Amino acid sequence: EGHERYIKETRIPVSISHVLETKKSEIENINFIFADAKTRLEVINTLKEYGKVSVTTSSPNNAEITSLKATKGNALKNICDILGFERENVLALGDSDNDLDMIIFAGCGVAMANASEHVKEAADIITKSCDEEGAAIILKQLAEKGEI
């Protein structure tokens, strides 16, 4: 209820198809919130089939649409290119679908225990959940081994 109120007070409703066709170069992010899981999955699959946008999620009831170039994996690759880091020397941690391509790109991808199953399957390491300080734990363990 609080999230719904926040969205209604801070967002302007628009026709998605109109925006995608007329303002696609201006779109930073479109975030859909769903009450119905079946509808959410149908929308996600339809948008992925559309193929002209990146579709991901960061919570159990949303879908996020961005440019195909605006992903965490691409951002991480660009940072590596700028700084001259090899991907093999990169550690990425995440727990949501929007972290998946970053975890795949990194030389060492770490999924939190609370991550989606397919995010955990893509990771090299699974650590404790976010609520259990999993990021701090894995960073300490890797530092103690001299791996970071």
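Me: A pocket here is an open set of points on a 1 Å grid over the protein atoms, with protein on both sides within 12 Å along at least five of seven lines, so what volume does the second largest pocket have?

Reply: The model is a predicted one, and in this model the second largest pocket has a volume of about 310 Å³. Its lining is made of 19 residues, and those closest to the centre are Val55, Thr56, Thr57, Asp97 and Asn98.

Me: Which elements give two or more residues to that lining?

Reply: Helix 3, strand 2 (54–56), strand 3 and helix 5 (100–105) each give two or more, and helix 3 contributes the largest share, with four residues. Sorted by class, the lining of the second largest pocket holds eight polar, six charged and five nonpolar residues.

Me: OK, and the largest pocket, what is its volume?

Reply: The largest pocket has a volume of about 730 Å³. Twenty residues line this pocket, and Arg11, Ile12, Val14, Ile30 and Asn31 are the ones that lie nearest its centre.

Me: Where does the largest share of that lining come from?

Reply: That share, five residues, comes from helix 1, while helix 1 (2–10), helix 2 (16–22) and strand 1 (30–33) are the elements that each supply at least two lining residues. In terms of class, the lining of the largest pocket consists of eleven nonpolar, six charged and three polar residues.

Me: Changing topic, which residues make up the largest nonpolar core?

Reply: There are nine of them, namely Leu20, Ile30, Phe34, Ile44, Leu47, Val53, Val55, Ala63 and Ile65.

Me: Staying with Ile44, what is isoleucine 44 in contact with, leaving aside neighbours within four places in sequence?

Reply: With those neighbours set aside, isoleucine 44 is in contact with Val55, Thr57, Asn62 and Ala63.

Me: Now threonine 71, where does that residue lie?

Reply: Threonine 71 is in the loop between strand 3 and helix 4 (72–83), and its side chain reaches the backbone nitrogen of asparagine 74 at 3.1 Å. Once neighbours within four places in sequence are left aside, threonine 71 is in contact with Ser54 and Asp101.

Me: And why does threonine 71 count as buried?

Reply: Threonine 71 counts as buried because its relative accessibility is 17%, and the limit for being buried is under 20%.

Me: What about glutamate 133, buried or exposed?

Reply: Glutamate 133 is exposed, since its relative accessible area is 56% and exposed means over 50%. This glutamate lies in the loop between strand 6 (125–127) and helix 7, and glutamate 133 has a positive phi of about 60° although it is not a glycine.

Me: Then glycine 134, which helix is that in?

Reply: Glycine 134 belongs to helix 7, which covers residues 134–144. Its relative accessible area is 0%, so glycine 134 is buried.

Me: What is glycine 134 in contact with, apart from neighbours within four places in sequence?

Reply: Leaving those neighbours aside, glycine 134 is in contact with Met112, Thr127, Lys128 and Ser129. As for methionine 112, that residue and glycine 134 are 22 residues apart in sequence, and their C-alpha atoms are 6.4 Å apart in space.

How values were computed. Residues are numbered from 1 along each chain as its sequence is written. This is a predicted model: local features need pLDDT of at least 70, side-chain atom pairs count only at pLDDT 80 or more; totals for chains, interfaces and linings use all residues. Side-chain values use heavy atoms; hydrogens and water are left out. A nonpolar core is a set of buried Ala, Val, Leu, Ile, Met, Phe, Trp, Tyr and Cys residues joined through side-chain atoms within 4.5 Å. Buried means under 20% relative accessible area, exposed over 50%, partly exposed in between (1.4 Å probe, protein chains only). Contact means heavy atoms within 4.5 Å. On a 1 Å grid over the protein atoms alone, a cavity is a set of points where a 1.4 Å probe fits but cannot get out, and a pocket is an open set with protein on both sides within 12 Å along at least five of seven lines; lining residues have an atom within 4 Å of a point. Grid points are joined across faces, edges and corners, and a volume is the space filled by probe spheres set on the points. Ala, Val, Leu, Ile, Met, Phe, Trp, Tyr, Cys and Pro count as nonpolar, Asp, Glu, Lys and Arg as charged, and the others, Gly among them, as polar. A polar contact is a pair of N or O atoms within 3.5 Å; within protein, one must be able to donate a hydrogen and the other to accept it, and residues adjacent in sequence count only if both atoms are side-chain atoms.
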